[in-house]
Amino acid sequence: MSTKQKTTKASGSSTGLYKADSVKDVAESLGITNLPEAVASALASDVEYRVHQVIEEASRFMRHARRNTLTTSDIDRALRVLNIEPLYGHSAYTTAVFRRALPYPQLASAGPVYFVEDEEIDFERVLREEKLVLPPSVRWTAHWLAVEGVQPLIPENPPAVPRDDPSLTAPGTSASDKRASQQAALVKQVLSRELQLYYARLTTSILPSGSGTVDPTKRTAALASLRHDAGLQPLLPYLVRWVGEGTVNVLHNGTQDDASGRTLEVLLDVIAALLENTTLFIEPYLHQILPPVLSVLLHSSLPPMHSTHLRTSAASALARILTQYSATYPSLAPRIMKTLLLALLAPDRGPGTRLGALRGLIGVGKEAVRKGILDAGGAKALGAEPGVAGAVFEALAVLHPPSEHPVPLDLEDLDDAQIAERLREILGDFFADRLVSDANWARGVLEES
Amino acid sequence: MSAATPTASTPDASTPAPPSTEASQGTLAADRLVLEYLRARGHKAAEQTLTETISSFEDKGKSPITISGEELVKRLTVFAEKPAQPGENTLKTTLGVQKELASAVNSSNLQNLIASIGPVGAEEILSLDPNDKQEGFRELESWVEGSLDIYRPEFRPIIFPIFCHFYLDLVQFGFKDAAQEFFETFSPSLEPLHSTTIHRLSTLRLPSHIQSDETAQRFRNEKYTIQMSRSGFALLLGWLTEGVGGEAPGLGDGFFGEKGRRGRAAVMRVVNNHLRFDVATTTASKSFTSWEDNTGLLSSLIPQSNGTSTPFTNPQAFNDAVGELKLGPAPISDELRAETGKSLREQSMVDRDLAGQYDNHLVRPTAIAGIISPTIADLLPHPPSFKAVDVRREVEKVRDARKRIRLDPSAHSSADGNTPQGAAARQRSLPSICAYTLYDTHEGSPCCTFSQDTSLMAAGFEESYIRLWNLKGEPLNGLQSEFQLNNIRDTSSLNSLREKGGSPTRKLIGHSGPVYSLAFDPVSGSAAPPKYLLSGSADGTARLWSMDTMTNVVAYRGHQNPVWDVDWSPMSIYFTTASRDRTARLWSTDRTSTLRIYAGHSSDVDCVRFHPNSLYIATGSSDWTARLWDVQRGTSVRVFIGHQGIVSTLAFSPDGRYLATAGEDLAINLWDLGSGRRVKKMTGHTASVYSLAFSAESSMLVSGGADWAVRCWDVKGAGGPPEVSRTNGTVSGSGSHHSKDPGPDVIETTDLLATFPTKRTPIVTVHFTPRNLCLVAGPYLSTTPR
């Protein structure tokens, strides 16, 4: 009994990984019952040392095999070079599964016992039934990891900047509340506390959530901050996303009331402010900024009170983007123009969309207007729809400024009659009639065509 | 009784395992037999020498360091009996002794006890109180931390060796639990810098382990070198003797008093016996890595040349003593140069390429000022005449040099990414990298290599085979195995013997262990596909494979242990292997026996590379050092100490001036071969570095490793840790610079130009084509477990 007490005491004090008790267990299984405590603990220490030795040797094989995980084959090779017979029967492909045995009721103090299940294999069945599937042989693919120092964004490469741009990671989530919570979580991870606070304050002072009242001075201050403050770069992805989502929500609800119109106005103001801020590097987010701008511009049913103002400011934002970035992205202007032309000319579009497209074209520039109104016959398509006419004249004014003292075309004159005829051909009756009253303008417009 | 065997302290000991206690007893018995035999035969002189040797061995065995635990207990029992109950044998266990000693030390008859001990030495007995060690070490730590800021970096390196010796002392004298406690108390603070050694020490638990363990023996038998300024050394001495200086926060009676004195005495003993101080007269401004170069158990790592009587104590002294190396480009014979020039002129006439007329100067290797170029006589023996393939290779070399993509990393740092000009400069400075990803490799792929002309790729696998791919998709056809020799008259008849309709991939089977290294022969350069492939494997052989017949031609046996690495000489007749048996060897392809053995590393030689001019080879070893060897003389000519882990891979710069080594300490070191000094240390990898490659102009280094990323480094840049962490407000440069979150302790040095992560591909090989396109390869690790 005294030995028993000693055992517990010794095992408590010696803190090696391999316990003296384990040595005693092994000794008992070999028929040695009276192993002295000192011997057992010394043996335990020694066993631990030898195990470390083998593992150190095995880790060399692991390292040279360019792996990070030690496998049973590494241990085998280590044993072989240490001139010890390897442990047969273990392979990296069939890992031993340890199962826990049922508790042993007679001896409560016994710890949990684990064992390796040794399945019985019926050779006949194996030979008859199981077909070995050859693993596919090794193959290779090549891709560009970097082209002149820039990593191309292709599926073979990992997605770029995963932590700076969370909007890229979850583009397809539909539920907006889920998105919001996700966004919040990401904000927490990446941004400093100050920036998080700033973001929260900024968004609530620009667009108070729920039914809070807007303090116009606060909003003005917030927009001014967006327009001029440096150091907002880390917030940019979130702000862009916030604007985009806000726009989509408002437009999606389709309410024609005053409040939603005002909201859209404010959101456009935010975009304008971001574009104006010279310290921001906005180019990577252009593809996210453009959709809300174009949506507002081309949406068919904007709140009537605000629609003109909304479309005008969206067009000016678009114009700003194009003037700033079309030099770096030569394909930007043609692409936007294509979208606008489609909106202008497609037969099933409403007047609102057409109007927006026209305003957009005005924003894009003279060339776009020429293409839209004259070449593609946009003016004809618009016809005399109310509200649109003003925009068309604006567009025509872009092509050629109207004269201050209009002199009407002399329809008796042959040349002038021809001009009037062509105007009718290109612009349709409604606009042609109006242009006839200003000879200079009409000529100028025609020269452009 | 365990008679201690003094293990061989010569650095060139190549026995893999130190003899165990039993073995030494065996040798003693054998000695006796030999003595008797000599006596019987009447060889007086021989007998006498042998007796002297044996007795000197036995003297050493009696030294207190190698006393066995049991013997000690016995000795102690004798003295401890006096105050305790005499005659009772309760002092068997170490715990008992410890308790007894502790009580004895505090008792008043301590002085009597010490006096009665007499000849054995009071110091030794006192050193056995484990509390002294704890106390002494704690005081040392607090003294170092309390010292002045300017001295603290100098003093810090002292802590580690003293920790090791205290721990080893405790284990050796059998205080297992005290050793454990000591270890647990103090190891955490040392863990970050010395984790490998500390882990190794933690596995030692019995006195016999210390006898057999290599690391422990090195600590015991070698002096640990520490750099210190004169004034710093004086301060240390002052503290050790008088306990002055520094502050002891919260220690009550400070450094004075009995306990403190005994603790210091214990430190002093280690300092006297096991440390060696390199006292410098001036306090040079120390960089953040300088301590790595000159601190540690250096004596066995530095090769000792025969000529000098005094052993070198620091690597710099050795490197300086060897003298200058011939690092210039290898010369080419006049005939070959003339022929190459002629061929180039003809080519340019055909192509109507006027620029080609002026390429002639490129044939001549350009010498760099301040570097000695070897002459033809210096080169390894090679055939006197050259072949057509040599001309084609040289011609292709010139064309490559002309068409090369210029990589100029120095433009990178100055270029501003936001302006168009800056962006263009950045593009010029960084390489294009093509990644070859292997799929369905079950155990990963230990090695992978590209031929110089990028027509072939070979990968070695753990399943003992090599797979060869033709990257152009052409079939790889060997020769038919049965044919009549006299039917072959010319190349066309030989070609008719080729196998028909092969696939562009082929399996080469022959090894009986994992294939760890592969190399294509460089003789045809980028002009033609290579003729041979070399492989090294865990079965201890290197094998030569013919790319004509697609069969194994020769197996080179010689290493008894796994061959970790192989590399061709640039002249392709010779090759070298590195093995677990601690040697690197030189072979020529036409002989199956070794030509030279490069022995001297005290652990595995993990990697080996030929210098571009073929006069030297560099080896990296598990003893944390890299060496440069003279190929012909077989002697070590440079030693590079500074890695804090195993040197896993290395690369020479093509201009022959620099060596880059990467280690398990996740650092890449750049060494200047001429002076043997470290140029800089580049950090940024977050896992082991597997492969390094220089661009053709030696201006850029590319590395790939287990962190699934390829990194580009500016060789010429100053490097060093970044001044301030990146500011929060701006996106860093262009889109190219997005690293994975590095661990908090990995500092990216400023010469890291770019990081290109892959999805899940550890980069096993990085390779620059002669025209500076970078190829990398690695096995994709599937996310699903087996």
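How many helices and strands does chain A have? Chain A has 21 helices and three strands. The model is predicted. In chain B, the secondary structure comes to 21 helices and 29 strands.

**Chain totals**

- Chain A runs to 449 residues, and 40% of them count as buried.
- Chain B runs to 786 residues, and 52% of them count as buried.
- In chain A, take the contacts between residues at least 6 apart in sequence: 60% of these join residues at least 24 apart.
- In chain B, the corresponding share of contacts between residues at least 6 apart that join residues at least 24 apart is 59%.

**Helix pair in chain A**

- Helix 12 (residues 286–298) and helix 14 (residues 332–345) of chain A have axes that come within 12 Å and cross at roughly 25°.
- Helix 12 of chain A is therefore roughly parallel to helix 14 of chain A, since angles under 35 degrees fall in that class.
- The crossing of helix 12 of chain A with helix 14 of chain A is right-handed.
- From helix 12 of chain A, the contact uses Leu290(A), Leu294(A), Leu297(A) and Leu298(A).
- From helix 14 of chain A, Leu332(A), Ile336(A), Thr339(A), Leu340(A) and Ala343(A) meet them.
- By class, this contact between helix 12 and helix 14 of chain A holds eight nonpolar residues, one polar residue and no charged residues.

**Helix pair in chain B**

- The axes of helix 16 (residues 334–351) and helix 18 (residues 388–403) of chain B come within 9 Å, crossing at roughly 60°.
- That angle makes helix 16 of chain B oblique to helix 18 of chain B.
- Helix 16 of chain B passes helix 18 of chain B with right-handed geometry.
- Helix 16 of chain B contributes Leu336(B), Glu339(B), Thr340(B), Ser343(B), Leu344(B), Gln347(B) and Asp351(B) to the contact.
- Helix 18 of chain B contributes Asp390(B), Val391(B), Glu394(B), Val395(B), Val398(B) and Arg399(B).
- The class breakdown for helix 16 against helix 18 of chain B is five nonpolar, three polar and five charged residues.

**Positive phi in loops**

- Arg66(A) is not a glycine, yet its phi is positive, at about 55°.
- Arg66(A) sits in the loop between helix 3 (37–64) and helix 4 (72–81) of chain A.
- Thr454(B), also not a glycine, has a positive phi of about 60°.
- The loop holding Thr454(B) lies between strand 4 (447–450) and strand 5 (456–460) of chain B.
- Thr454(B) has 21% relative accessibility, so it counts as partly exposed.

**A buried aspartate in chain B**

- Asp278(B) belongs to strand 2 (residues 275–280) of chain B.
- Asp278(B) counts as buried because its relative accessibility is 14%, and the cut-off is under 20%.
- Between Asp278(B) and Thr225(B) there are 53 residues of sequence separation, but a C-alpha to C-alpha distance of 6.9 Å.
- Beyond its neighbours within four places in sequence, Asp278(B) contacts Thr225(B), Ile226(B), Gln227(B), Met228(B) and Asn314(B).

- For residues 682–716 of chain B, the model gives 0% helix and 57% strand.
- The end C-alpha atoms of residues 682–716 of chain B are 12 Å apart.

Key:
Residues are numbered from 1 along each chain as its sequence is written. Chains are lettered from A and ligands numbered from 1 in the order in which they are written. This is a predicted model: local features need pLDDT of at least 70, side-chain atom pairs count only at pLDDT 80 or more; totals for chains, interfaces and linings use all residues. Side-chain values use heavy atoms; hydrogens and water are left out. Axes are lines fitted to C-alpha atoms, for helices over the stretch in contact, and angles run from 0 to 180 degrees between N-to-C directions. Helices (H or I, at least four residues) and strands (E, at least two) are DSSP runs, numbered from the N terminus. Angles under 35 degrees count as roughly parallel, over 145 as roughly antiparallel, 65 to 115 as roughly perpendicular and the rest as oblique. A crossing is left-handed if the near helix is turned anticlockwise from the far one by less than a right angle, and right-handed if clockwise. Contact means heavy atoms within 4.5 Å. Ala, Val, Leu, Ile, Met, Phe, Trp, Tyr, Cys and Pro count as nonpolar, Asp, Glu, Lys and Arg as charged, and the others, Gly among them, as polar. Buried means under 20% relative accessible area, exposed over 50%, partly exposed in between (1.4 Å probe, protein chains only).
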